[in-house]
Amino acid sequence: MLRKLSFGALVGLLLTAAVTAVHYLAAQLVGTAFIPFDFFNWMTRVLPGDLITFGIDMMIDTMLALGLSVVDLAKTAERVSAVLQFVGMTVVLGAIIFAIWHLLKLRRPRLAGLIVGAIVGLPLLTISQSVAQLDVPPLINGLWLFGSFLVWGWLLGVAYGRLFPAESAAEPEPEAVPVNDVQVIDRRRFLIQLGASTAVLTVAGTGIGATLARAERARLSAGGARIGSGDIIFPNANDPIIPAPGTRLEYTPVSEHYQVFLQTEPTIIEEEDWQLPITGLVDNPRIFTLQQFRDEFESFDQFVTLTCISGRVGTGLISTTKWTGVSVQDVLEAVGVQPEAKYLYITSGDGFYETVDLELIRNDRRIMFCYAWDDKLLPKDHGFPLRIWIPDRYGMKQPKWIVGIEVTDEYQPGYWVERNWSKEAIVRTTSVIDTVAVDSVGAVGGQQVIPVGGIAYSGARGIGGVEVRVNGGDWQPAQLRAPLSETTWVIWRYDWPFTEGNHLFEVRCTEADGTPQIEESNPNRPDGSTGIHSFEASV
């Protein structure tokens, strides 16, 4: 029995690796579904929120422990996890199938394999059709997926018959093997042949598919048509405070803006396919196109820092760019919100949903339906055609790829609120050390100094001051560069009169009204992380 389990697991691994690679290549070439991603996306929707959060936290903690960049590699790690999960399941399934066939003393494994392929393929096809983004008709996609699983099951049966011919003597011999020749192919030789064949498919499919995927992601991140001059004027361009060498860019290139989205791949919506219905408790229900948003309402710009509630202290999941859009107040005025209305219920193309309090919108004209970043239409992988911006809130409260808005008098918890994250998600004040520029020794007042720098951020509440201390000594004030706007981070700099040795740097800040950041260490869940950020350096 153990031998059957081992062979079943090995055959399941080899066949599934090849089928997965072929599916991946087809997904990149013609836009069919990729089952591992679809199954992973489906699981994240149906499993308990605490379990999903535990998985996310474990992945991020592992990456941090290994010194890997969460910003650059989190989605890659998620995609790899999805594939490994799928392949791992089929390895176990292959072992179980071989064991069951052995117990049943199966005589026709190829027919049984077709049945297994259908049994496995049908539920996976159903799951895929419910979550997949397709570039082909669903019928074509369904036939392709179902057929490939039938082939997978049939090959599983072929392998069983070749590995255990005595148990499947009633199985007809393949025409390529003459009756009078040797009837049993050596197991080792067969496994080598199977391994070599599946390896070629796996490597070729994965390699070509990955090349196509990288090209597509670059295209999606490039941004849309330019809507402005492209010559962005920074209001603090003449500020005398120069960021310390090594400090992150004050203005984040769109290609480097952090990304967080529900599915393993971003949702892609084409402008010609998109319309936004605004319904519910309104006098004039409307269906808007993107062009109507741009033509009917006055636009405005805002430099915005956006950050993710899941980030730890010092997270890289924070970015700043120029947003362009229209005031939500103006749009709601056009549709005539009825007096009893209390909330907007916003749905997104990726399955996300969130509720926004109308009272919050009435009190803040800056709340924006955004359609452009950096003077270009939103990149498709950052929420095109439309996303919302709400000052002072983490990204989890701000839907992108908006496809529906209902004005309602009933509160409905949002996607992450249902999964036990913060209901309000108000940004918590933070300060971060980006650099201790040991290679940039300078002089201030005749004394040699090393510049230390970073950012401080408190949503729309502003930064009143930043302080740095070294090796637990006294807190020293840092210089603040004027921010790009009242809703962006502040760049700070501290010229440290250095001494040689190993040193521990810490930073803290206050909001514009003097409220200090929370120094006590708290986890990111449910309301966002807090604590003092530290940085070690040797001089």
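This is a predicted model: local features need pLDDT of at least 70, side-chain atom pairs count only at pLDDT 80 or more; totals for chains, interfaces and linings use all residues.
Reader: What does the chain contain in terms of helices and strands, and how many of its residues are buried?

Author: The chain has 11 helices and 19 strands. Of its 539 residues, 51% count as buried. The C-alpha trace spans about 95 × 70 × 40 Å along its principal axes. Among contacts between residues at least 6 apart in sequence, 76% join residues at least 24 apart.

Reader: At what angle do the axes of H4 and H5 cross, and which residues meet there?

Author: The axes of helix H4 (residues 70–104) and helix H5 (residues 109–131) come within 12 Å and cross at roughly 145 degrees. The crossing is right-handed. On the H4 side, Phe-86, Leu-93, Ile-97 and Trp-101 take part. They meet Pro-109, Ala-112, Gly-113, Val-116, Val-120 and Leu-124 of H5. By class, this contact has nine nonpolar residues, one polar and no charged.

Reader: How many cavities does a search of the whole structure find?

Author: Rolling a probe the size of a water molecule over the atoms shows where empty space is left. Here the search finds two cavities of 30 Å³ or more.

Reader: What is the volume of the second largest cavity, and which residues line it?

Author: The volume is about 50 Å³. The lining includes Trp-389, Ile-390, Pro-391, Asp-392 and Arg-393, along with Tyr-457 and Thr-487. Its residues divide into six nonpolar, four polar and two charged.

Reader: Which elements line the second largest pocket?

Author: That pocket holds about 800 Å³ of space. It is lined by 32 residues, with Gln-133, Asp-135, Glu-265, Pro-266 and Ile-268 closest to its centre. Helix H1 (2–30), helix H2 (35–46), H5 and helix H7 (187–221) each give two or more residues. H7 gives the most, with six. The lining has 14 nonpolar, 10 polar and eight charged residues.

Reader: Which peptide bonds are cis, and where do their prolines lie?

Author: Most residues other than glycine have a negative phi, and most peptide bonds are trans. A cis bond joins Phe-384 and Pro-385, with omega about 10 degrees. Pro-385 lies in the loop between strand S8 (376–377) and strand S9 (387–389). The bond from Arg-525 to Pro-526 is also cis, with omega near 10 degrees. Pro-526 sits in the loop between strand S18 (502–511) and strand S19 (533–538).

Reader: Asp-374 and Asp-392 both have positive phi. Is each one buried or partly exposed?

Author: Phi of Asp-374 is near 55 degrees, and this residue is in the loop between strand S7 (368–373) and S8. Its relative accessible area is 22%, so Asp-374 is partly exposed. Phi of Asp-392 is near 75 degrees, and Asp-392 is in the loop between S9 and strand S10 (402–408). With a relative accessible area of 16%, Asp-392 is buried, because the cut-off for buried is under 20%. Asp-392 is also one of the residues that line the second largest cavity.

Reader: Which residue follows H9, and what is its phi?

Author: Gly-336 follows H9, with a positive phi near 70 degrees. Within H9 (residues 328–335), the buried residues are Val-328, Asp-330, Val-331, Leu-332 and Val-335.

Notes. Residues are numbered from 1 along each chain as its sequence is written. Side-chain values use heavy atoms; hydrogens and water are left out. On a 1 Å grid over the protein atoms alone, a cavity is a set of points where a 1.4 Å probe fits but cannot get out, and a pocket is an open set with protein on both sides within 12 Å along at least five of seven lines; lining residues have an atom within 4 Å of a point. Grid points are joined across faces, edges and corners, and a volume is the space filled by probe spheres set on the points. Ala, Val, Leu, Ile, Met, Phe, Trp, Tyr, Cys and Pro count as nonpolar, Asp, Glu, Lys and Arg as charged, and the others, Gly among them, as polar. Axes are lines fitted to C-alpha atoms, for helices over the stretch in contact, and angles run from 0 to 180 degrees between N-to-C directions. Helices (H or I, at least four residues) and strands (E, at least two) are DSSP runs, numbered from the N terminus. A crossing is left-handed if the near helix is turned anticlockwise from the far one by less than a right angle, and right-handed if clockwise. Contact means heavy atoms within 4.5 Å. Buried means under 20% relative accessible area, exposed over 50%, partly exposed in between (1.4 Å probe, protein chains only).
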